[in-house]
Amino acid sequence: MALTTLAAWLMASAFALSTTHEVYQATAKAGVLRYDSMRELLTRTLPFYLGALVLVLAMGFRVTGTAWAGLALAVAMVLVSALYYNPTIMAVRQPGMIDWAEDVAFTGLFFASAVLLTAHLADITLAT
């Protein structure tokens with residue numbers, strides 16, 4: 001499997017996990033915080049995720065030039081998670097074990113994607 005395809009699977013998994021978690025937050029904890037509402041989910045989160053999914057699909061199908069864009073997205077998502085989501089949203093959500101597990105998995109999947117895409121762009125292959 002190509003590194004770009006593997007990275008695309010990891011990114012798609014991260015977005016699926018996050019979407020599931022955000023739907024849970026928007027329904028089970030609706031109204032607790034301004035971040036946890038169906039309006040927030042439908043107007044901010046899902047449109048971004050759907051746009052990112054187009055890139056992820058293109059990368060999975062090895063469309064030329066998408067590895068660089070995918071790397072930029074992966075690095076951006078790791079930075080957003082570490083520098084915005086955790087100190088801003090997680091801090092006020094009073095997260096439980098599920099919230100932390102989702103956050104660590106989401107960030108880890110994007111970090112792994114960034115490593116794979118960096119290897120691809122540097123022409124490094126995995127031993128077979």
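**Exercise 1.** Is Glu40 buried or exposed?

*Solution.* This is a predicted model, and the values below are computed from it. The cut-off for buried is under 20% relative accessible area. Glu40 has a relative accessible area of 16%, so Glu40 is buried.

**Exercise 2.** Find the salt-bridge partner of Glu40 and classify that partner.

*Solution.* Step one: the side chain of Glu40 meets that of Arg44 in a salt bridge, at 3.1 Å from N to O. Step two: the two residues are four apart in helix α2, which means a separation of about one helical turn. Step three: exposed requires over 50%. Arg44 has 51% relative accessibility and therefore counts as exposed.

**Exercise 3.** The structure holds two salt bridges. Describe the one formed by Glu22.

*Solution.* The partner of Glu22 is Arg93, and their closest N and O atoms are 3.2 Å apart. This pair links distant parts of the chain, since Glu22 lies in helix α1 and Arg93 in helix α3, 71 residues apart. Glu22 is buried at 11% relative accessible area, and Arg93 is buried at 9%.

**Exercise 4.** Which elements give two or more residues to the largest nonpolar core?

*Solution.* The core has 24 residues; Met11, Phe15, Leu73, Phe106, Phe110 and Leu117 touch the most other members. The contributing elements are α1, α2, α3 and α4. Helix α1 gives the largest share, seven residues.

Key:
Residues are numbered from 1 along each chain as its sequence is written. This is a predicted model: local features need pLDDT of at least 70, side-chain atom pairs count only at pLDDT 80 or more; totals for chains, interfaces and linings use all residues. Side-chain values use heavy atoms; hydrogens and water are left out. A nonpolar core is a set of buried Ala, Val, Leu, Ile, Met, Phe, Trp, Tyr and Cys residues joined through side-chain atoms within 4.5 Å. Buried means under 20% relative accessible area, exposed over 50%, partly exposed in between (1.4 Å probe, protein chains only). A salt bridge is a side-chain nitrogen of Lys or Arg within 4 Å of a carboxyl oxygen of Asp or Glu.
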